[in-house]
Amino acid sequence: MQVLTTVAAVRAARAGLGDLGLVPTMGYLHDGHLSLVAQAKGECSAVAASIFVNPTQFGPNEDLSRYPRDVPRDLALLEAAGVDLVFTPEPAQMYPAGFDASIVVGGVTGRLEGAVRPGHFAGVATVVAKLFNIVQPTRAYFGQKDAQQSVVIRKLVRDLDIPVEIVVAPTVREADGLALSSRNSYLTPAQRVAAPRLFQALSAGQRLFDGGERNADILRNTMRAMIEGEPAMQIDYISVADPLTLQELSTVEQQALVSGAVRLGATRLIDNVILGEPPA
């Protein structure tokens, strides 16, 4: 496994790798990341991963300085998983002196996470575009847990004609339903017990839909009430939205992205489920 830290080195190594799958990460890897690697290995002749805690997607009062990091452990996991190339740049490699560019994807970034975390998706879009230009993957793999991120990246690729296929894989969960996340390491034991309530609420909304309920306000109110029943949880948003535009729905006619963001102390959790079938 090649571990490379510069743009020039990655470009030189890329030439010999053929059909390449990329798994972009911020490190502190878990089984969700490794499931993306496994899928990429099954679909591509070579697999690359990136480990980069991207400063431009963190707000001024967010957790950049304390975001969990363990690069030696991550590299051991990636090597055991059969990854061919890992790009681990320093911030100065990605954002050298004088760097002054940013990509803003309109529309879908103004809601949900974008409303709560201003500027977050400009940081995401910019770093992802840079990674795509540097690594030049055939396919790039992301998890459904970050549903809005996937919508933004698909729009980025479509709008800018970037020749990368975006693959979004199902969320990987703990046995009690909690979506795997590097930030779960922040949870205290008591918070960890409470954390599955978000997915339980989303699942309750899914059961209502499966039972015939189509009124989006009823779905939202049911999920909100379940979360409010956990005193330690504070709601940022509960959403029933169009899965492509992320506009809130009044009625779920075909498909909806049901998502939520909550805070448990200093830890912020996000999750989602998809209702219904895509249009034929």
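A salt bridge is counted here when a side-chain nitrogen of Lys or Arg lies within 4 Å of a carboxyl oxygen of Asp or Glu. By this rule, the structure above, which is a predicted model, has 14 salt bridges.

**Salt bridges around arginine 220**

- Aspartate 217 and arginine 220 meet through their side chains in a salt bridge, with 2.8 Å from N to O, and they are three residues apart in helix α10 (residues 216-228), which means that about one helical turn separates them.
- Arginine 220 counts as buried because its relative accessibility is 12%, under the cut-off of 20%, whereas aspartate 217 is partly exposed, at 45%.
- Arginine 220 also forms a salt bridge with glutamate 248, where the closest N and O atoms are 3.1 Å apart.
- This second pair links distant parts of the chain, since glutamate 248 lies in the loop between β7 (233-241) and β8 (255-264), 28 residues from arginine 220 in helix α10.

**Helices α6 and α7**

- Helix α6 (residues 120-135) packs against helix α7 (residues 147-159) at an angle of about 55°, with the two axes 10 Å apart, and the two helices are therefore oblique to each other.
- The crossing of α6 and α7 is right-handed, and the residues making the contact include Phe121 and Phe132 of α6 and Ile153 and Leu156 of α7.
- The contact residues comprise ten nonpolar, two polar and no charged ones.
- Within helix α7, aspartate 159 and lysine 155 lie four residues apart and form a salt bridge whose closest N and O atoms are 3.0 Å apart.

Notes:
Residues are numbered from 1 along each chain as its sequence is written. This is a predicted model: local features need pLDDT of at least 70, side-chain atom pairs count only at pLDDT 80 or more; totals for chains, interfaces and linings use all residues. Side-chain values use heavy atoms; hydrogens and water are left out. Axes are lines fitted to C-alpha atoms, for helices over the stretch in contact, and angles run from 0 to 180 degrees between N-to-C directions. Angles under 35 degrees count as roughly parallel, over 145 as roughly antiparallel, 65 to 115 as roughly perpendicular and the rest as oblique. A crossing is left-handed if the near helix is turned anticlockwise from the far one by less than a right angle, and right-handed if clockwise. Contact means heavy atoms within 4.5 Å. Ala, Val, Leu, Ile, Met, Phe, Trp, Tyr, Cys and Pro count as nonpolar, Asp, Glu, Lys and Arg as charged, and the others, Gly among them, as polar. Buried means under 20% relative accessible area, exposed over 50%, partly exposed in between (1.4 Å probe, protein chains only).
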